[in-house]
Amino acid sequence: MRQVWITRHGEPEVLQVRESPDPTAGAGTVRVRVKAAGINFADILARLGLYPDAPKPPAVVGYEVSGVIDQVGPEARRFREGDRVIGVCRFGGYSDTVVLPETAVFPLPPKMSFSEGAAIPVNYLTVYQMLFVMGSIKSGERVLVHSAAGGVGLAAIDLCRIAGAEVIGTASTPKHERLRERGVSHVVDSRVEDFESAVMRITEGKGVHIILDPIGGKSWAKGLRCLAPTGRLVTFGFSSAVTGKRRSVFALVKRLAQVPWLKFNPLTLMNENKAIVGVNLGHMWHMQDEMRRWGEQILGWYEEGRMHPTVDKEFRFEEAPKAHHYIQDRMNFGKVLLVS
Ligand SMILES: NC(=O)c1ccc[n+]([C@@H]2O[C@H](COP(=O)([O-])OP(=O)(O)OC[C@H]3O[C@@H](n4cnc5c(N)ncnc54)[C@H](OP(=O)(O)O)[C@@H]3O)[C@@H](O)[C@H]2O)c1
């Protein structure tokens with residue numbers, strides 16, 4: 001099989017294709033010949049050495065694939081050879097062949113392409129957990145979505161529409177028109193304009209009910225200030241620690257110092273009627289039944305035509321460095337994939 005390896009921490013060029021013998025499906029598992037594998041921002045953090053959960057290099061990262069089952073292990077009963085599927089994996093997804101427990105595999109809906117399938121698991125499960133499971137989203141609420149044109153961001157726009165909530169988004173300016181076409185009511189470029197003042201102006205001083213913030217650092221302090229009473233700040237990433245194509249420990253320490261540690265305390269939250277919610281999908285792996293239910297709901301919405309994953313660009317395995325550059329250069333509008 002062919003895999004894309006992080007050979008050492010560093011710039012995108014540390015990603016290299018290597019070959020090794022095919023794995024065999026063991027008890028309760030299936031082998032999937034991969035058509036498309038999702039790239040996530042977490043993979044960039046892993047490549048840079050900024051992601052504590054990631055395996056140490058040399059390693060293969062990747063959380064999600066779509067493809068066709070070509071081998072069913074003993075005691076695996078849910079699938080047959082030839083089934084088109086979506087698979088969720090904890091690392092190892094940058095591969096043209098993966099072996100997965102059958103509980104981590106979903107049938108690909110008949111109308112869904114392999115590319116769409118690989119664009120669903122991480123983005124939509126994370127947003128589902130943030131909005132519906134922990135954020136208690138309600139119709140009519142205002143939601144601030146940071147990095148709204150990214151994979152998670154566009155999934156959030158989809159699921160906010162289903163919930164009947166209004167979206168205010170932040171993104172680089174060239175993406176604003178396309179976000180408005182998706183129904184985002186106001187778009188702010190937080191590198192050009194202070195998003196806190198913009199949100200307070202847009203909402204006439206009322207603030208927003210939910211904020212999805214994977215930026216971290218001082219963004220969380222601003223977010224807390226522009227939450228309406230009963231508002232929920234969802235922290236789920238720390239992309240502000242990424243300041244270049246190589247890791248900067250200085251930038252990381254600076255961003256950590258900007259976290260509003262004193263505001264993140266129960267007495268302040270009690271007096272301000274605000275909540276801080278933390279989400280890390282990678283730490284939900286032991287909750288397979290729960291995640292399966294969320295996944296079935298998401299695929300059900302897809303089959304009803306109520307949501308559409310946005311695939312931006314596909315790169316071949318040997319182009320993996322280009323794909324990482326593309327995301328880090330803030331070019332993507334939606335999901336970026338590796339295709340075999
Ligand atoms: N906790 C979890 O379970 C979980 C799960 C999935 C994702 N996440 C987090 O959610 C965020 C979005 O993930 P994603 O996979 O969907 O990626 P993505 O949004 O496609 O990421 C790329 C976009 O993020 C924006 N961005 C913000 N800060 C950046 C920086 N320092 N360097 C480069 N781009 C930056 C850029 O868009 P603009 O310039 O337009 O803003 C860029 O186009 C990431 O921080 C990720 O770690 C967390």
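Reader: Which helices each supply at least two residues of the shell around the ligand?
Author: They are α3 (121-134), α4 (151-163) and α11 (320-328). Helices here are DSSP runs of H or I with at least four residues, and strands are runs of E with at least two, numbered from the N terminus. This is a predicted model, where local features need pLDDT of at least 70 and side-chain atom pairs count only at pLDDT 80 or more, while totals for chains, interfaces and linings use all residues. Residues are numbered from 1 along each chain as its sequence is written, and side-chain values use heavy atoms, with hydrogens and water left out.

Reader: How many residues surround the ligand, and which are closest?
Author: The ligand is surrounded by 22 residues, and the closest are Val 152, Ser 172, Phe 236, Leu 281 and Asn 332.

Reader: What is the shell made of, by class?
Author: Ten residues are nonpolar, ten polar and two charged. Nonpolar covers Ala, Val, Leu, Ile, Met, Phe, Trp, Tyr, Cys and Pro; charged covers Asp, Glu, Lys and Arg; the others, Gly among them, count as polar.

Reader: Which polar backbone atom is 2.7 Å from an oxygen atom of the ligand?
Author: One of Leu 281. A backbone N or O atom of Val 152 lies 2.8 Å from a ligand oxygen, and a polar backbone atom of Phe 236 is 2.8 Å from a ligand nitrogen. A polar contact is a pair of N or O atoms within 3.5 Å.

Reader: How much of the ligand's accessible area does the protein cover?
Author: The protein covers 91% of the 920 Å² that the ligand has on its own, by the Shrake-Rupley method with a 1.4 Å probe.

Reader: Now the domains. What does the assignment give?
Author: Domain 1 (2-120 + 309-339) and domain 2 (122-281), with bounds from an automatic or database assignment. The ligand shell draws at least three residues from each.

Reader: How many residues are in contact between the two domains?
Author: 26 residues of domain 1 are in contact with 24 of domain 2, contact being heavy atoms within 4.5 Å. Leu 50, Arg 330 and Phe 333 supply 31% of the area that domain 1 buries against domain 2, more than any other three residues. Buried area is the accessible area (1.4 Å probe) that two parts lose on being put together, summed over both.

Conventions: A residue is near a molecule or strand if one of its heavy atoms lies within 4 Å of it. A polar contact is a pair of N or O atoms within 3.5 Å; within protein, one must be able to donate a hydrogen and the other to accept it, and residues adjacent in sequence count only if both atoms are side-chain atoms.
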